[in-house]
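This report describes a structure for a reader who meets it for the first time. The sequence and the model are shown below, and the text then follows the chains in turn.

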Amino acid sequence: MLILDQVSVSFGTVPVLRGVSFALKEGEAVAFVGRNGAGKTTTLRTIMGFTRNGGRITFDGHDLAGVAAHLRPGLGIGYAPEDRRLFSRFGVEENILLPAQVAKLSAAETKRRLDRVYHILPELKEMAKRPAGSVSGGQGKMVALGRALMLATRLVLLDEPFQGLAPVLANRYAEALRRLRDTDPSLALIITESNPHLLRSFAERTITIERGEIAQDVRNEGLAA
Amino acid sequence: MSFDTIVLAVCDGVAYASLVFLVAVGLTFIFGVLGVLNIAHGSFYALGAYTAVSAGIFLTKAGFSPWLTFPALFVAAIFIGAVLGGLMEKLLLQRIYDKEQVLQILVTFAIFMILENVQRLIWGVQPYFMSEPLQLLGNISLFGISYTAYQTLFLPALAVIVLLGLRYFLRHTAAGAQILAVTEDREAASAIGIDAQKVYFVTFIAGATLAALGGALAAPTTSLMPGMGAEMIVLSFAVAATAGLGQIEGAAVAALMIGLGRSLAVYLAPEFEVLVPYILMVGVLIFRPSGLFGAPQLRKI
């Protein structure tokens, strides 16, 4: 479904990704692990089209080189960036609905997707009317996930969702991800994380990136789900 | 100072403030969304004025109704904003959004210089004047003072319509929501499918059209001369900076302050006329470096 083939990215003269290749199957959940600065965020941003890259990225048969960044979500890719990046001038629910509004989804389809988001993240319903600028960092990550899920019908990219989360919230976020896997088994996931052990329980595969290169790509044994 | 003089000064000030507001709100809108301080904004003002006058003169000479000079003002402004603004954004600005701000200012300054000379090439250096719209609306009496309806009613009404319209557009329409989203975070906006490039293009054209509209509407009240664009860009920058860059409602307040200050100076201390706007600006910025309504380090519209 998603194929990265020898993808390379440089910022100025500094290479950040060097020949990154991996392929993702439909419904596959991957933990993308590496230290800070290893290239995790850059990999996700490159899939979303925010960097200039060498090599080739194919998604559902489309060569993404010809697909502008703002058209990629329309292919069914949702993205929750690392620092949540909500639109503070809008309410929580408005943030979640904005992608549907931009994509001009029908009212019925918008409602169906919003219901799915609230099913996976029931706590969002309680803060629906609050200004997005007023929610805590952890709650903001939930909103960012909800917003990403509005367009994510095929693939969702989550950048360090657990970083800085209090243990209670981290548990709730993990529960939400499990609900997401149960509700939508055909949705593929890439979750980045610096702690390699944290994602074992819901990712069937762990890809490790070091200094811009794939160092390891293993199937996780004994996965409960 | 007699009561009559105060009424006159207020009428002058409000009329002038309305024009300055139109130009300054365009400047501040573009800065708020694109982050580019567009020096060539003054050229849009001047070219809007010259184009409107040329169109008006053509219409009256060709024997059309002088009332057609009114729509000509708007058509001229939209033409300059869409064509010139559109070309400038597509051909030049799009290449430099991720460059340093100094470079962006230099590029827009260069365009300003080029357009200033293009304007001299086309219209020469002799003053142009077209008073039809001013005369057609006649005069009204305010506290015993007779003043043109064009300046006391038409211009302020238009400024208020633009202010309210822009507010409504940004806060209550789908397109406005997209502009706000791109302003706050371009990448996050793209990640939910918003075409930021298109938002920048449309915003720039809208801002440029507002400057050209300011010029077109100023045309019946003044004679057009080379250098008018430079004067206006400096003044509208003073308004935008006093308000806080990116502040739309603030620009209206600052324009009114500076417009009234300037016209009172004309009657009270004429030698300070040119200085007053900048004294006000410096006074505000000493105490509030981000402007009257600006928040430090936060780009907002």
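Leaving aside its neighbours within four places in sequence, with which residues is B:A255 in contact? In this predicted model, the contacts of B:A255 beyond that range are B:A17, B:V20, B:F21, B:A24 and B:V239.

**Chain B**

B:A255 belongs to the largest nonpolar core, a set of 161 residues. B:A255 is among the residues with the most contacts inside this core, together with B:V20, B:A49, B:V239 and B:A251. The element that gives the most to the core is helix α1 (residues 3-34) of chain B, with 18 residues. As a general background, nonpolar side chains tend to be buried together in soluble globular proteins.

The secondary structure of chain B consists of 12 helices and two strands. Along the sequence, these elements follow the pattern α-α-α-α-α-β-β-α-α-α-α-α-α-α. Of the 301 residues in chain B, 50% are buried. Among the contacts in chain B with a separation of 6 or more, 77% are between residues 24 or more positions apart.

The overall dimensions can be set beside a simple expectation. The C-alpha trace of chain B spans about 60 × 50 × 35 Å along its principal axes. A compact globule of 301 residues would have a radius of gyration near 19 Å, and the value for chain B is 19 Å, so the two agree.

A similar check applies to helix α6 (residues 149-172) of chain B. With 24 residues at 1.5 Å a residue, α6(B) should span 34 Å, and its end C-alpha atoms are 32 Å apart, which agrees. The buried residues of α6(B) are B:Y150, B:Q151, B:T152, B:L155, B:A159, B:V162, B:L166 and B:L170.

**Chain A**

Chain A contains an open sheet of four strands in the order β2-β1-β4-β5, with antiparallel pairing. Strands β2 (14-24) and β5 (62-63) of chain A stand at the edges; each has a single partner strand, so one side of each is left without a neighbour in the sheet. Helix α1 (residues 40-48) of chain A packs on this sheet and touches β1 (2-11), β2 and β4 of chain A. The direction of α1(A) makes about 70 degrees with that of β2(A).

Strand β4 (residues 53-59) of chain A is joined to β5(A) by two bridges, and these strands run antiparallel. The bridge partner of A:T58 in β5(A) is A:D63.

In general, most residues other than glycine have a negative phi. A:R84 has a positive phi, and so does A:R85. The place of A:R84 is in the loop between β6 (77-80) and α2 of chain A, and A:R85 is found in the loop between β6 and α2 of chain A. Their values are set out below.

| Residue | Phi | Other C-beta atoms within 10 Å | Burial |
|---|---|---|---|
| A:R84 | near 55 degrees | 22 | buried |

The cut-off for a buried residue is 20 or more other C-beta atoms within 10 Å.

**Where the chains meet**

How many residues of chain A are in contact with chain B? There are 19 residues of chain A in contact with 16 residues of chain B. On the side of chain A that touches chain B, the elements that give two or more residues are α2 (92-102) and α5 (137-151) of chain A. Of these, α2(A) gives the most, with four residues.

Note on methods. Residues are numbered from 1 along each chain as its sequence is written. Chains are lettered from A and ligands numbered from 1 in the order in which they are written. This is a predicted model: local features need pLDDT of at least 70, side-chain atom pairs count only at pLDDT 80 or more; totals for chains, interfaces and linings use all residues. Two strands pair if DSSP finds at least two bridges between them. Two residues are in contact if their C-beta atoms, placed from the backbone, lie within 7 Å. Axes are lines fitted to C-alpha atoms, for helices over the stretch in contact, and angles run from 0 to 180 degrees between N-to-C directions. The radius of gyration is taken over C-alpha atoms; the globule rule is 2.2 Å times the number of residues to the power 0.38. A residue is buried if 20 or more other C-beta atoms lie within 10 Å of its own, exposed if 12 or fewer, and partly exposed in between; C-beta atoms are placed from the backbone. A nonpolar core is a set of buried Ala, Val, Leu, Ile, Met, Phe, Trp, Tyr and Cys residues joined through C-beta atoms within 7 Å. The expected span of a helix is 1.5 Å times one less than its number of residues.
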